[in-house]
Amino acid sequence: MSHYHARVYVTLKPSILDPQGRTVERALSHLEHANVSGVRVGKLIELRLSGERAEVEAQLRDITQNVLSNPVMEDARWEVEEVALEPA
């Protein structure tokens, strides 16, 4: 059985206002980083899964679309890589 490390990135769709991103942008401006704009804040979720790659990818797709994100308001993408099992 193979083991995988997955990262799921969830961000608000461009058409959705991001008040947290605006707050970060204003804070950066006050800290003399006025050249920064378009700040968007998102989520990074990391998971470990085991099984056959095709099954893991299907499971990850389902988890991403139905649990970790709201497809109406958010865009989500994921990446998965096989990892060696660490000794106990």
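Here are some friendly notes on the predicted model shown above, point by point.

1. **Ground rules.** This is a predicted model, in which local features need pLDDT of at least 70, side-chain atom pairs count only at pLDDT 80 or more, and totals for chains, interfaces and linings use all residues. Residues are numbered from 1 along each chain as its sequence is written, and side-chain values use heavy atoms, with hydrogens and water left out.

2. **Overall plan.** The chain has two helices and three strands, and along the sequence they follow the pattern β-α-β-α-β. Helices (H or I, at least four residues) and strands (E, at least two) are DSSP runs, numbered from the N terminus.

3. **Dimensions.** The radius of gyration of the chain is 17 Å, whereas a compact globule of 88 residues would have a value near 12 Å. That radius is taken over C-alpha atoms, and the globule rule is 2.2 Å times the number of residues to the power 0.38. Along its principal axes, the C-alpha trace spans about 50 × 35 × 15 Å.

4. Of the 88 residues, 24% count as buried. Here buried means under 20% relative accessible area, exposed means over 50%, and partly exposed lies in between (1.4 Å probe, protein chains only). Among contacts (heavy atoms within 4.5 Å) with a separation of 6 or more, 72% come from residues 24 or more positions apart.

5. The three strands make an open sheet in the order 2-1-3, with antiparallel pairing. Strand 2 and strand 3 stand at the edges with a single partner strand each, so one side of each has no neighbour in the sheet. On average, neighbouring strands are turned by 20° against each other, direction ignored. As a reminder, strands of a sheet pair through backbone hydrogen bonds, either parallel or antiparallel.

6. **Strand 1 with strand 2.** These two pair in the antiparallel sense over ten bridges; two strands count as paired if DSSP finds at least two bridges between them.

7. Helix 2 lies across strand 1, strand 2 and strand 3, and runs at about 150° to strand 3. Axes are lines fitted to C-alpha atoms, for helices over the stretch in contact, and angles run from 0 to 180 degrees between N-to-C directions.

8. Which residues of helix 2 are buried? In this helix (residues 53-68), they are V56, L60, I63, T64 and L68. Seen down the helix axis, the buried residues fall within an arc of 95°, so they line one face of the helix; the arc is that of the directions from the helix axis to the C-beta atoms. Strand 1, strand 2 and strand 3 are included in what covers these buried residues. On the other side of helix 2, A54, E55 and N66 are exposed.

9. **A closer look at A54.** This residue of helix 2 is exposed, with a relative accessible area of 60%. A54 and S2 are 52 residues apart in sequence, and their C-alpha atoms are 11 Å apart in space.

10. **Salt bridges around R7.** The count comes to seven salt bridges, each a side-chain nitrogen of Lys or Arg within 4 Å of a carboxyl oxygen of Asp or Glu. One of them joins E79 and R7 at 3.8 Å, N to O. E79 lies in strand 3 (residues 74-83) and R7 in strand 1 (residues 2-12), so the pair ties together parts that are 72 residues apart in sequence. R7 also meets E81 in a salt bridge, at 3.4 Å, N to O; E81 is in strand 3 and R7 in strand 1, 74 residues apart. How accessible are these side chains? R7 is partly exposed at 22% relative accessibility, as are E79 at 35% and E81 at 36%.

11. K43 forms a salt bridge with E74, the closest N and O atoms being 3.6 Å apart. K43 lies in strand 2 (residues 42-51) and E74 in strand 3, so the pair ties together parts 31 residues apart in sequence. K43 is partly exposed at 41% relative accessibility, whereas E74 is buried at 16%. Finally, salt bridges that share partners join R7, E46, R77, E79 and E81 into one network.
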